[in-house]
Amino acid sequence: MTTMTRAALGDDELRRLESSWRDPGGFWGSLTHVDHKSIGRRYLITAFAFFLLAGILAALMRLQLSRPDNSFLSPDLYNQIFTTHGTTMMFLFAVPVMQGLGIYFLPLMVGARAIAFPRLVAFSYWMFLFGGIFLYVSFLLNAGPDVGWFSYPPLAESLYSPSKRADVWAQLITFTEVASLAVAVSLITTAFKLRTPGMTLNRLPIFVWAQVVTSFMVLFAMPSVMLASTALICDRLVSTHFFDAEHRGDPLLFQHLFWFFGHPEVYIIFIPGTGLVSTLISTFSRRPLFGYLAVVLSLVATAFMGFGLWVHHMFATGIPALSRSFFTAASITIALPTGMQFFCWIATMWSGRVVLKTPMLWILGFFAIFLIGGLTGVILAAVPVNIQLHDTFFVVAHFHYVLIGGAVFPLFAAIYYWFPKITGRLLSERTGRIVIALLFVGFNLTFFPMHVLGLHGMPRRIYTYPSAMGWGSLNLVASLGAVLMAAAVVLFLLDIVRALRAREVAPDNPWDASTLEWATSSPPPNSNFPLPPTVAGRDPLWQNPPDQPVVVGLRTDIRDVLVTHVLDAEPDHRFEFPTPSIWPFLTALTTTALFIGSIFTPWAVVWGAIPVFITTVGWFWPKSPDEGGTQPWPVRRTLPRPNESPAAGGAI
Amino acid sequence: MYQPSGDLLAYPYAMRSGDIVQSVLSPAGAQASSIHQLWLLMLWTTTVVCVVVLAFIAVAVLRHRRRDEVATIPTTPERSLVRSVWAATTLSLLILLMLLVASVWMTRGVESLEASGALTINIIGHQWWWEIEYEDTSPSRRVLTANEMHIPVGRPVVLKVSSRDVIHSFWVPNLQGKRDLIPGYTTAIWLQPDRPGIFRGQCAEFCGLQHAHMALDVVAEAGPDFDRWLEGMRKPAGPPETDQQRKGHAVFMSRRCAGCHAINGTEAYGQIGPDLTHIGSRSTIGAGTLPNTRDHMNAWVKNPQVSKPGNQMPPNPLSDEDSRALQAYLEFLK
């Protein structure tokens, strides 16, 4: 397909197109990138680096807990470590890595040349990176947050946490929330306005649906935690007493705000995972996904219901029984949409022919692990059982089954699946199988015993325990399992290094998949598609007729993008896209200075706003009308009809 | 640590917990028993669901494997797939509803307060110990103690919980689920032990540096034993009897001990640390950190920061002689 379109466009025009969409090279040039593939790659690599850092912290915790009365870590360090581990995994790994996949693949999957608001996406990456560096520099300076990834007041108030550690947590939240909100807006707009003609809403790939649903959840959930963390900073910085019971504040208010975000957060991480599962199951069952509509509705239903069960994190606080029963009902019934997705996946495999390549093996691992995590979730939804198991190692086991099963296994599946698309190289099938086996066995060895430990009374977040408790052996098993998990990750990294240095080039569509990201070369060219394809069904590469039209009539000398209508993706107008710019980077720098400064003095908000203002003015400096903006569409007839000769309409 | 359990429930994962009893799986009270029944119902229901779903996945993956060479496969008609998915979804809904009804039903039993004839105890959380106060209509008959709670078997006990500083969570798994201790709030739970025993509990909400060392013992004993214990607790500390105890008393009063700790019947009435009127009768030091023996107490008083770093009690450099005298006095406070 690519060779055809290349031929149709002509070498000169193709070169001009590629140079229009090229971001500058070099160190300084790299600070100006706005290409979604470049930013997406950075997001993925950075998030994965934080995954490794948080994994090292987890290994330290497992070392400390491997035997009773251990003094390897001091309580002070242990508390910093578990807080930083949780905060990193939630805010610097799980959410950004899924958004990174969205940034890279969403435009490709909808046949677009670019992501909407590319400079905003660039800004979000810098905010994410600076926030993460800020957290880890603080941690290395012995100022890592130590009050849990939830930072409940009054413990997080200055009376009980007089150092800057709780501020570091609260301000990290601000960094990551700014970043994820910016990405959410861009992904929604890309999915709604930049789809290629023919891709009506009911042909949207499931992964795109999952990203859209997740992004809407981000828009509604993140402001809640930003409110909570900002109010906490105000309490600490200017004594506002939002959460201080002594001054008629309310510690429970923080918990409501936090969990109104915190529970949807789980689904913000997990819904993209299910989108990946649906995508890969369809590809490797060699048939379109069974129950497309049911799966989409399940995602939407999960998103809505996900906002109605936050109180199950607060069952032990003494909230009245009637309201707790309501949240029990919501927490139990949210299993239903996910169950329905499970049944659709089984039906897809049942009626297809399952090909057990490595990505699919990861999906099988997902099934086994996530199923257990989901079912212990149903158990934890019941108030009586919850008040026994809440804040014990049973819960630690539960959410690692949910998050590693529901997000990390699908993520690894996605890495194996899309690695050839991103890099043009293939990962090893054989090594991949070993990695899966090690991680699967290691994971279960580490986390399954934690169910039992919780039932036998081991609470979370304790840095040690007396030997008389009898928890020693299972903790040792868990720690040994962690060794296997670490081995799996090391092997995986080695295989990545090997693949990147290999000569063997991956084909454009190694899995014979059906979605549009496979309709271009591996890795994709700067413009994504020399001539963007249009689609005639949900699985275009399986269903498009050979004479399916392509999009022509976009200028090649500027970054010209076709904007389409929300529902039916009919062409609407052309838009000249923003070019590389240093301003998003500079704005992120000034915003970072403001955020970090405001930990120390409220005046940083006042004086820090000035450089932020200057950099945003630079960013939004008005252009003259002939430099970009909206252009009428069509400039000429664009979509050659299927039975027309290429010459009549442009090219096929 | 594994050993086959003779328990009727015969968990495949039964675990011996030494002398210490702190487990959801061996309930010793009405509330924990109800919760345990609900747990068993949910455990077995979800286990069956898990096995069935995994079996279907296995079949779905493997059923066309042998025909790998065949390019096209005989597809299952969509209509029968639709029917199966609907049937499975409906069945899931019914199972979930069953579990929901069971949960709401059990919640009523576990949560409703039975006030008549109940013993009322106030529990106040501190970083990192438990203040325990037995209510009485006459203030002079109130009993204040710490980190060790005695309760009668077979009689309802109402616990009114609150916190003096940060959020803690009271959890004695053999008797009842947990309840958070939140500053500014006082909430109540009840429990009723149905057999005697010593049940350990531990703070279950992260409360700072020494969250790991915030335990308490709950001693459930027969009614008459309990009444005797409570009567004993109402007595103030008597005058020290031996010379060494008198010297120890003097050390306690002249050093900063009395600034933080109270001993009823003496001029020590500090409110910052646990009440020590009956410290000699308690089984642990530092909220479950150390067993209450002379050596441990000696080490604890000299430097509590060794075994429980970060707790609010400062090191107390004492001469060996003073230290021995102080131990004798503290042991005398039964």
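Predicted model: local features only at pLDDT ≥ 70, side-chain atom pairs only at ≥ 80, totals over all residues.
Trainee: How do you know what confidence the predictor has in chain A?

Mentor: Look at pLDDT, the predictor's confidence in each residue, from 0 to 100. Chain A has a mean pLDDT of 92, with 94% of its residues at 70 or more. Residues 1–7 of chain A stay under 50, and the model gives them nine contacts beyond four places in sequence. In residues 634–638 of chain A the pLDDT is also below 50, and that stretch has nine contacts beyond near neighbours in sequence. A contact means that the C-beta atoms of two residues, placed from the backbone, lie within 7 Å.

Trainee: Why are H7 and H8 of chain A called roughly antiparallel?

Mentor: Start with the names: helices (H or I, at least four residues) and strands (E, at least two) are DSSP runs, numbered from the N terminus. Axes are lines fitted to C-alpha atoms, for helices over the stretch in contact, and angles run from 0 to 180 degrees between N-to-C directions. The axes of H7(A), residues 165–193, and H8(A), residues 206–238, come within 8 Å and cross at roughly 155 degrees. Angles under 35 degrees count as roughly parallel, over 145 as roughly antiparallel, 65 to 115 as roughly perpendicular and the rest as oblique. H7(A) and H8(A) are therefore roughly antiparallel.

Trainee: And what is the hand of the crossing of H7(A) and H8(A)?

Mentor: H7(A) passes H8(A) in a left-handed crossing. That term is used if the near helix is turned anticlockwise from the far one by less than a right angle; clockwise would be right-handed.

Trainee: Over to chain B. What makes E1 and E2 of chain B a pair?

Mentor: Two strands pair if DSSP finds at least two bridges between them. E1(B), residues 119–126, and E2(B), residues 129–134, have six bridges in the antiparallel sense. B:Ile124 stands opposite B:Glu131 in E2(B), and B:Asn122 has B:Glu133 as its bridge partner there. E1(B) and E2(B) form a hairpin with two residues between them.

Trainee: Which strands make up the sheet of five, and which stand at its edges?

Mentor: The order is E3-E2-E1-E5-E8 of chain B, in an open sheet with mixed pairing. E3 (143–146) and E8 (187–191) of chain B are the edge strands, as each pairs on one side only. E2(B) and E3(B) pair in the antiparallel sense over four bridges, and B:Tyr134 stands opposite B:Val143 in E3(B). Neighbouring strands of this sheet are turned by 25 degrees against each other on average, direction ignored.

Trainee: Why do E4 and E9 of chain B count as edges in the sheet of three?

Mentor: That open sheet runs E4-E10-E9 in chain B, with mixed pairing. E4 (148–152) and E9 (197–202) of chain B each have a single partner strand, so one side of each is left without a neighbour in the sheet. E4(B) and E10(B), residues 215–221, pair in the parallel sense over five bridges. H3(B), residues 223–234, lies across E4 and E10 of chain B, at about 135 degrees to E4(B).

Trainee: How many residues of the two chains are in contact?

Mentor: 72 residues of chain B are in contact with 70 residues of chain A. On the side of chain B that touches chain A, H1 (30–62), H2 (78–111) and E7 (176–181) each supply at least two residues. H2(B) gives the largest share, 16 residues.

Trainee: What makes A:Asn528 stand out, and where is it?

Mentor: Its phi is near 70 degrees, a positive value in a residue other than glycine. A:Asn528 sits in the loop between H17 and H18 of chain A.

Notes: Residues numbered from 1 in each chain as written. Chains lettered and ligands numbered in written order.
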